[in-house]
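Morning, everyone. I have one structure to go through today, so please look at it first and I will talk you through some details.

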Amino acid sequence: MLVQRMEIDRADGRTPNQLRKLACSRNILNRAHGSASWSQGETKVLAAVYGPKAGTKKNENPEKACIEVIWKPKTGQIGKEEKEYEMVLKRTLQNMCLLTVHPNTTTSIIIQVVNDDGALLPCAINAACAALVDAGIPLKHLADDFSSCNMLLSGRKWARYTGPKQDRRAAIEGICIFSFSKFDSVCTS
Amino acid sequence: MMGSANSGDLSSEMEVDAFRRLFPLRFHERHLLESIRPDARMLGKARDTTLALGAVASADGSALAKIGCTTMLAAIKMEVMTPTAESPDMGCIAIDFHMPPICSPTVRPGRPAEAAPVVSKQLSDTILSSGMINLKDLSLVRGKASWMAYLDIYCLDADGALFDAALLSAVAAFSNLQIPIVALNDDGRVVVVSEENEGGKLKKEPVNKEKRKLKLSSIPFSLTCILHKNYILADPTAEEESIMETLVTVVLNLSGQLVSLYKPGGQFLAYTSAIQDCMALTRQRVKELKKILDEAICDMEMD
């Protein structure tokens, strides 16, 4: 995956490979067993982890722990997009956690979108990882120590993109979201 | 008997079916060691695919696609609507994917299946972003009337690779689509001219003279693969999907350009070489699917 220099005018004057300012804070919610907030520029996501709680859901394997993800959008009702994000997050996080340590339990991860300004899914993956670490859930590895990122394709060249959504969505030719583990391989894309 | 090679554990006295239910992963891995799958397919081979166009007579375009046992029925209904102010010369496509309880024992009436909204969104994204349909073709009168195409895909049998079958049936339905004739009625609104009125008794002037077909460019075709240890299994069945959870879906168009690569998490992390192998398998599959689609269109035109 080569990243080449290119001339893209980005609205905020960033170079193609430059990320926005990242900020993370943990333990912000008192009631949750683990919580974290992750922001990339203006995009901010809050993640809370409750668990492990007793019992698994109906069709899940009782010999392993079960992960449940609930995605709450900033506005509007829960629709297909939210369900897709839930599924992607669940599959990614399920394979990062050591499920056999607490069998027959459920860990719930609730994602609340505080502000969406592009690169929402990577921000959510990072926030969820941070919240899981804060809750002390045993993990095999992290999604590359918190760096999933969005890549923008325009005119056959790639640029790392965590930029604002509104003005760029129309202009882009493709969006890729890659989540890497420490083994330098793709967990989610 | 399958299990007789394992000595000293329960599986040595078991029949094949019981071993398959109780130790599914080991059952499949025993097959993978011989580079074959339980249904005697090679690892990179997809199941038999058939397409039937025009399956639903009352719809404007429809198709029934079967990949192995996975069956999808796609139907398109066209409706006239007012275009939005931002795009007055473009029509609209609404794609919905349904999994009724008939398709699988795990889907219950009243509780929508987990996979349904995800596949629905994936389909919308793929079809709209691949540029297969130029929305300007769906326009009737700029700023006043344009077509809204409702594409509904029903899963009749869910046996793995749902997205592949759904995409194939959607593409086939669009290639079978005939845009109906419309006319302006007395209120100045555009209405669809029904078949009975056609025998020369038309009071209204039709806006478009004859039923036309949509022109499709860069048709997307897809292949879902499972990654398990260092094996890549193309076109999984539902049993394989439930045991080995790491799926990769690659969507390519006819010129070999990548439309979408989708790997939603999963136990096995994919190295670059695995992804490239999946792409190579998809390229072969695109050629097969194109042939099947062309044959189905020819059969339809001959009738």
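**Helix α2 of chain B**

The cover over the buried residues of α2(B) includes α1 (16–22), β11 (220–228), β12 (231–234) and α5 (238–243) of chain B, where contact means heavy atoms within 4.5 Å. This is a predicted model, in which local features need pLDDT of at least 70, side-chain atom pairs count only at pLDDT 80 or more, and totals for chains, interfaces and linings use all residues. Residues are numbered from 1 along each chain as its sequence is written, chains are lettered from A and ligands numbered from 1 in the order written, and side-chain values use heavy atoms, leaving out hydrogens and water.

Which residues of α2(B) are buried? In this helix, residues 24–33, they are Phe27(B), His28(B), His31(B) and Leu32(B). Seen down the axis of α2(B), they fall within an arc of 135°, so they line one face of the helix. The arc is taken from the directions from the helix axis to the C-beta atoms. Buried means under 20% relative accessible area, exposed over 50%, and partly exposed in between (1.4 Å probe, protein chains only). Helices (H or I, at least four residues) and strands (E, at least two) are DSSP runs, numbered from the N terminus. Just after α2(B), Ser35(B) takes a positive phi of about 55°.

Next, strand β6 of chain B, residues 145–157, which contains Tyr154(B). Tyr154(B) is partly exposed, at a relative accessible area of 36%.

Last, the spans. Residues 46–180 of chain B are 23% helix and 36% strand, with end C-alpha atoms 36 Å apart. For residues 219–267 of chain B, the values are 12% helix, 51% strand and 31 Å.
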